[in-house]
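Work through the following exercises with the sequence and the model in view, and try each task before reading its solution.

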Amino acid sequence: MARTGLYKSEVKKARDSLLALGRHPSVDAVRVELGNTGSKTTIHKYLKELEEEEGIAQQPRSISAALQEMVERLASQLQAEADERVIAAREEVRAVTARMEQALAEVNEANADLSTRLDLAGKALIAARAAHESSREECQQQAVALRALEVRTTALQERQQENEQHRLSLEDKHQHARAALDHYRSAAKEQREQDQRQHEQQLQTVQAELRQLRQELIVKQTEITRVNQEGVRLVADLSHARQALVEQQALADRREQQLESLQQVAAGKQVLEAQLADRNAALASLQASRAQTEEALAGARKQLQETEIELAAARARLETHEALTLAWHQQRNHEGEGGQQAPSPGPEDTGLER
C-alpha cells in the first residue's frame, strides 16, 4: 500500500542510488527502491521536476517504462512458449514419421520375402496351382493395401510440410511483430507526448496479434493431435497387414510341406516303376525261356514217338523171330525123330535184318 507524505528528497535519493548502480531510474525502479511505497503519479511528477531542475537532457520517451517492460516480458514469454511448442511438435512429428517409415520398410521387406517364397512354390508345386493362384490374389490385395498405406504416409508427410511452412509463417509474423515493436520504440523516442495514444493502439494491436498467434498455436496443436491419431491408425493398419503376411507365409510353408510329400510320393512311384520294369523284363525273359523249353519238349516228344514206333517195330520183329525160331526148333525136333534134318531158318525166314 502506498504511504502518504512522500517527499521529493526521498525520490531524489532513490533516483541517485539507482544511477549510482548504473540502473535506469524508472518509476517502478524508484518505487521498489523506496520499499514499494508511494504513488506512481507522485513519483513520476517528482522525477519530472528533478529532470527539469537539473536540466538533464534525456531523450523523450513515448511510453511509460511499465508498459515497455510489460511488452518486453510478453514478447519474451511468447517467444519462449512458441519455440518450446514448435520444437516439441517437430520432434513428435519426426518421431511419428520415423516410426511409420520403419514400419513401412519392414512391411515392404516382408512383402518382398513373401513374394519370393510364393514364386518358388508356384514353380515347384504344379499340382497346387489353383491354391497358389488364390495366394497370389491375396498378395496382390496386400500390395494394394500397402500402396494405400504409402499414399496415406505421403499425405501425412505433405501435411507435415504444410505444418512446417505454417510454423515458419508464424515465426515470420513473430519477427515482424518484434520489428514493429522496435520501430515503435524508435519512433516513440522522437515523439513522446504525441504518440502516447498511438502507443496504446499499437499495444492493442500487438495483444490482438498475440491472441491470434495463440489461436494459431492451438490450431497447430489440434492438427498435430490429428496427425498423431492418423499415425496411430496407420500403425494399426500396418499391424493388420503384417498379421496377414504372417498368415500367407504360414500358408506358403504348408504348401511347401505338401510339395515335399508329393515329391516323396513321386520318388516312390519312380522306384516302383523301375521295379515293375525289371519284373516285366524278367517275365519276358521267362516267357522266352518257356517258349524255348516248349519247343525243346515238343522235339523231345516227337523223337520219343519215333523211338516208340521203332521200338514197337523191333519188338514185333523180335517176336516174329522168336516164333520162327521156336517153330524151327519144333520142326527140327520132329524131323529128327523122322530121320531127316530140316534146314536151319535163314534171315529171310525170320524176317530179321542184319
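**Exercise 1.** Decide whether E53 is buried, partly exposed or exposed.

*Solution.* Begin with the cut-offs: a residue is buried under 20% relative accessible area, exposed over 50%, and partly exposed in between, with a 1.4 Å probe and protein chains only. The relative accessibility of E53 is 54%, so E53 counts as exposed. This is a predicted model, in which local features need pLDDT of at least 70 and side-chain atom pairs count only at pLDDT 80 or more, while totals for chains, interfaces and linings use all residues. Residues are numbered from 1 along each chain as its sequence is written, and side-chain values use heavy atoms, with hydrogens and water left out.

**Exercise 2.** Find which residue forms a salt bridge with K8, and say where the two partners lie.

*Solution.* A salt bridge requires a side-chain nitrogen of Lys or Arg within 4 Å of a carboxyl oxygen of Asp or Glu. The partner of K8 is E53, and their closest N and O atoms are 2.5 Å apart.

**Exercise 3.** Describe the salt bridge between R290 and E294, including its place in the helix.

*Solution.* The N to O distance for R290 and E294 is 3.1 Å. Both residues lie in helix α6 (residues 196-338), where they are four residues apart, about one turn of the helix. R290 counts as exposed because its relative accessibility is 56%, whereas E294, at 45%, is partly exposed.

**Exercise 4.** Classify the two partners in the salt bridge of D16 and R15.

*Solution.* The side chains of D16 and R15 meet at 3.4 Å, N to O. D16 has 29% relative accessibility and so counts as partly exposed, while R15, at 4%, counts as buried.

**Exercise 5.** State how many salt bridges a search of the whole structure finds, and which residues a network of them links.

*Solution.* The search finds twelve salt bridges. A network of salt bridges links R90, E164, R167 and E171.

Definitions and conventions:
Helix = DSSP H or I, 4+ residues; strand = E, 2+ residues; numbered from the N terminus.
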